[in-house]
Amino acid sequence: MLLGIIITLKRGYDNRNYTDGPVETGVDLSDIRFHYGPSIIREVVMRNLYLVITLALVSFIFAAPVELLLNTGFEDGVLTPWTTNNWIIDTADPHSGTYCAFVEGNYWIKQEFTPADVNNIVSITFWYMQPEQAFFAFHLYYSPSDYDQDIVHVYDPGWVEYDLTSFLRSTGNLEGFKIFGYTGGGSSPDYVFLDDVSIIYDDDLALQSETFASIKAVFSE
Ligand SMILES: [Ca+2]
């Protein structure tokens, strides 16, 4: 489909009859603007416009947000490729599907991925349940070997969706996410449940910006 659109656009461009002379009787009104100004300017504008339209079509058809994590909802029935020092798979009360991850105490669960430019990361979200409503820590890992730690206070005993996107650095490449359980906070067991973790990457953000800049450049010539 894309090839067809591009060929159609190019044929329409090539088949136009450009002249520098006065407008001839019978010429379609839509072609009048091409009879003014030096032909070289028209050539440059049309070639750039053709390129921009092609870029926009490629961007629209092929670019799409992607999930950076695997086994995001633990529906594989195992923790892999998550790593941990005490979390386990649980089926008692998942947020969605059949499985979630569970831990008692302040232990961590982590997943690493190919480093991704923070400017293309759309969201970092997960569902977390901590009946005692205490707190938990998380780490965001940056390439090649650095991380930020922050603490979140839990405000609801049930499943809550948390959004950590605003904790991202303004520059750098994210390469891992670690989340903890907790210790203390009350007399009940320190139970924690985790499900539906997601880090969305969209390389279309940069392409859209470049395409928009190209369009502005063409029409400002
Ligand atoms: Ca699940």
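Tyr142 has Asp146 of β8 as its bridge partner, where strands (E, at least two residues) and helices (H or I, at least four residues) are DSSP runs numbered from the N terminus. This is a predicted model, in which local features need pLDDT of at least 70 and side-chain atom pairs count only at pLDDT 80 or more, while totals for chains, interfaces and linings use all residues. Residues are numbered from 1 along each chain as its sequence is written.

### Confidence and overall make-up

The mean pLDDT (the predictor's confidence in each residue, from 0 to 100) of the protein is 81, and 64% of its residues reach 70 or more. Over residues 1-27 the pLDDT is below 50, and this stretch has 20 contacts in the model beyond near neighbours in sequence; two residues are in contact if their C-beta atoms, placed from the backbone, lie within 7 Å. Three helices and 11 strands make up the secondary structure of the protein, and from the N terminus on the elements run α-α-β-β-β-β-β-β-β-β-β-β-β-α. Of the contacts between residues at least 6 apart in sequence, 72% join residues at least 24 apart.

### The open sheet

Strands of a sheet pair through backbone hydrogen bonds, either parallel or antiparallel. In this protein, five strands form an open sheet in the order β2-β5-β10-β7-β8, with antiparallel pairing, and two strands count as paired if DSSP finds at least two bridges between them. The edge strands are β2 (83-84) and β8 (146-153), each of which pairs on one side only.

| Strand pair | Sense | Bridges |
|---|---|---|
| β7 and β8 | antiparallel | eight bridges |
| β5 (108-117) and β10 | antiparallel | seven bridges |
| β7 and β10 | antiparallel | five bridges |

Besides its partner Asp146 in β8, Tyr142 has a bridge partner in β10, namely Leu174.

Buried residues make up 18% of the 221 residues in the protein; a residue is buried if 20 or more other C-beta atoms lie within 10 Å of its own, exposed if 12 or fewer, and partly exposed in between, with C-beta atoms placed from the backbone. Not counting residues up to four places away in sequence, Cys100 touches Phe74, Asp90, Pro94, His95, Phe193, Leu194 and Asp195.

### Two loop positions

Pro157 lies in the loop between β8 and β9 (159-163), and Pro157 is exposed because 12 other C-beta atoms lie within 10 Å. Leaving aside neighbours within four places in sequence, Pro157 is in contact with Pro131 and Gln133, while the C-alpha atoms of Pro157 and Glu132, 25 residues apart along the chain, are separated by 6.2 Å.

Thr171 is found in the loop between β9 and β10, and Thr171 counts as exposed because it has 9 C-beta neighbours inside 10 Å. Thr171 and Tyr142, which are 29 residues apart in sequence, are 9.8 Å apart in space, C-alpha to C-alpha.
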